[in-house]
Amino acid sequence: RIIFTGPVDQYFRNAGSKLDSLQYRSILFHPHEMEAHGVGQAAGVINYPQLNDGEYTRCVDYKHFYNQGGNSTTILCETSTDSGEPYYPFPDKRNQDLFEEYRKLAEKEEKRKTVHFVGRLANYKYFDMDDTIRNALSLFHNIFKVDPSTLLPRIDIPSPMFRVNLVFNMEKKETMVPPYMEVLCRLLQPADVHFYVYARHEKVTATQLQHELNSCHAAVDVIHVPNTGR
């Protein structure tokens, strides 16, 4: 089987389709080296969604994530561009109408061949990471009729506790356990698993998440963070 995760229009245009190309948004990366014994900015990721926020759309300081020391740090900032490697769809009406034509071609291709179109570029749709993993697991289940988590090997964890930090998207109304939480939980057992969940959705509770993890016996702490508008 072929799992295609690239731009759906390139797949068919390379095969001879005369449909127009879809438009995508790409990213330019701007590294900034600075002397800083600690971190270089207040949070690991700072988004700048407004036009008057400056030239960058997002800046990332990886020192926050890995508890690193050192006398310097690198902050990686981003700007959007309409050229270069495709990262995200540009779903205006023109592109949505055009993608509908490509979607019909993809449906026929999946029936005719053992090829499956998965991911942001192949589905011409923005996915958060939890949606991306759900998309992949759902495809696996639909193809093989098997729960993918049952095929995962056990990992020998030397530490008695494995900690996972997760951030719930405040825009979502869902409060269900993301699929990767349960997969990680099953993968790491019999080690003790402890999830620290930073949730922007007020309805997310530790009791609810533990209940939805089913057979995975994991400790869950939920830390509610305020909606800052970013």
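This is a friendly chat about a few places in a predicted model.

Visitor: Hi! What should I know before we start?
Guide: The model is predicted, so to speak of local features a pLDDT of at least 70 is needed, side-chain atom pairs count only at pLDDT 80 or more, and totals for chains, interfaces and linings use all residues. Residues are numbered from 1 along each chain as its sequence is written, and side-chain values use heavy atoms, with hydrogens and water left out.

Visitor: How many disulfides are there?
Guide: The count is 1 disulfide, where the term stands for a pair of cysteine sulfur atoms within 2.5 Å. C59 and C77 form it, with their sulfur atoms 2.1 Å apart.

Visitor: Which parts does the pair C59 and C77 tie together?
Guide: C59 sits in strand β4 (residues 58-61) and C77 in strand β5 (residues 72-81), so the link joins parts 18 residues apart in sequence. Strands (E, at least two residues) and helices (H or I, at least four) are DSSP runs, numbered from the N terminus.

Visitor: Why is the disulfide right-handed?
Guide: The torsion about the S-S bond of C59 and C77 is about 110°, so the disulfide is right-handed.

Visitor: And are C59 and C77 buried or exposed?
Guide: C59 and C77 are both buried. Buried means under 20% relative accessible area, exposed over 50%, and partly exposed in between (1.4 Å probe, protein chains only).

Visitor: New topic: where is G69?
Guide: G69 is in the loop between α2 (63-66) and β5. At 51% relative accessibility, G69 counts as exposed.

Visitor: What does G69 contact?
Guide: Setting aside neighbours within four places in sequence, G69 is in contact (heavy atoms within 4.5 Å) with H37 and K63. G69 and H37 are 32 residues apart in sequence, and their C-alpha atoms are 6.6 Å apart.

Visitor: Last one: how many residues has the largest nonpolar core?
Guide: The largest nonpolar core has 15 residues, and V8, F12, L22, Y102 and F117 have the most contacts inside it. Such a core is a set of buried Ala, Val, Leu, Ile, Met, Phe, Trp, Tyr and Cys residues joined through side-chain atoms within 4.5 Å. Helix α3 (93-112) gives the most to this core, with 4 residues.
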